[in-house]
Amino acid sequence: MIYSKEVDNMCVVAKGANHGPAPIPEEGKWVKAKEIKDISGYTHGVGWCAPQQGTCKLSLNIKDGVIQECLIETIGCSGMTQSAAMASEILPGKTILEALNTDLVCDAINTAMRELFLQIVYGRSQSAFSENGLVIGAGLEDLGKGLRSQTGTLYGTLKKGARYLELTEGYVTKMFLDKDSQVCGYEYVQLGKMMEAIKKGMDANEAVKKFTGRYGRTTAEEGIVKSIDPRKE
């Protein structure tokens, strides 16, 4: 280490109180984090690309500074799905510092990693007060039984109003309107569960019927005047 002549000629002044870093909550413990290996937790971050054409939600399960599990969910840009595929191979096994300084192929994923890093090193994780943290596999649990992201796709115009295309329940096939032409219910298909059933041998038409559900007021007795296909009408 090289010092300037001015510093080299200074006298030594002893350092006083030195209490170290403030402890942060990690997996049910208070930890004074000094090194990357001191960081553990399960947390999420959201990122976006420069033109803001798409966004990414990144979830990481970190143990002793090393990423053990990742969940990458993208929306809005077709190329991001391929980037996410590569990032899902890149991230596990890296320390969070390595991951922060690794090209994760897509700006939105890189930005999500930056935001997540800031949260986790400040102790703001989903598992901050959970003893021993969350098991590896918590990311899959976030997706639910159909292993599909919680996606909402809705469209609207001033002239024609709203169109529900996909909600948490599933792919919307019908919207139900009352006498005032206001939406008061919808019909949906649970795509994840439907595809699992088809893979196991169930007839596709039967699977569609089995995993079709309704929400809200959906019958004439409840005041329904009309149903529409949100993709065609």
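1. E69 has a relative accessibility of 9%, and therefore counts as buried, where buried means under 20% relative accessible area, exposed over 50% and partly exposed in between, with a 1.4 Å probe and protein chains only. This residue is found in strand β5, strands (E, at least two residues) and helices (H or I, at least four) being DSSP runs numbered from the N terminus.

2. The model is predicted, so a local feature needs pLDDT of at least 70 and side-chain atom pairs count only at pLDDT 80 or more, while totals for chains, interfaces and linings use all residues. Residues are numbered from 1 along each chain as its sequence is written, and side-chain values use heavy atoms, with hydrogens and water left out.

3. Leaving aside residues up to four places away in sequence, E69 touches Y42, S59, L60, N61, V135, I136, G137, A138, G139 and L140, contact meaning heavy atoms within 4.5 Å. By comparison, the C-alpha atoms of E69 and L154, which are 85 residues apart along the chain, are separated by 31 Å.

4. The largest nonpolar core has 24 residues, and L58, L60, I72 and L91 are those with the most contacts inside it; such a core is a set of buried Ala, Val, Leu, Ile, Met, Phe, Trp, Tyr and Cys residues joined through side-chain atoms within 4.5 Å. At least two residues of this core come from each of β4 (55-63), β5 (66-75), α2 (78-90), α3 (96-100) and α4 (107-121), and α4 gives the most, with seven residues. Another core lies apart from it and has seven residues, among them L167, M175, L177 and I228.

5. L60 deserves a separate look, for its contacts, again without residues up to four places away in sequence, are G41, Y42, T43, I67, E69, C70, L91, M113 and L116.

6. Helix α4 has 15 residues, which at 1.5 Å a residue should span 21 Å, and its end C-alpha atoms are 21 Å apart, which agrees; the expected span is 1.5 Å times one less than the number of residues. Its buried residues are A108, I109, T111, A112, M113, L116, F117 and I120, and what covers them includes β1 (24-26), β3 (41-48), β4, β5, α2 and α3. Just after α4, G123 takes a positive phi of about 85°.

7. Y3, in the segment before α1 (5-8), counts as exposed because its relative accessibility is 53%.
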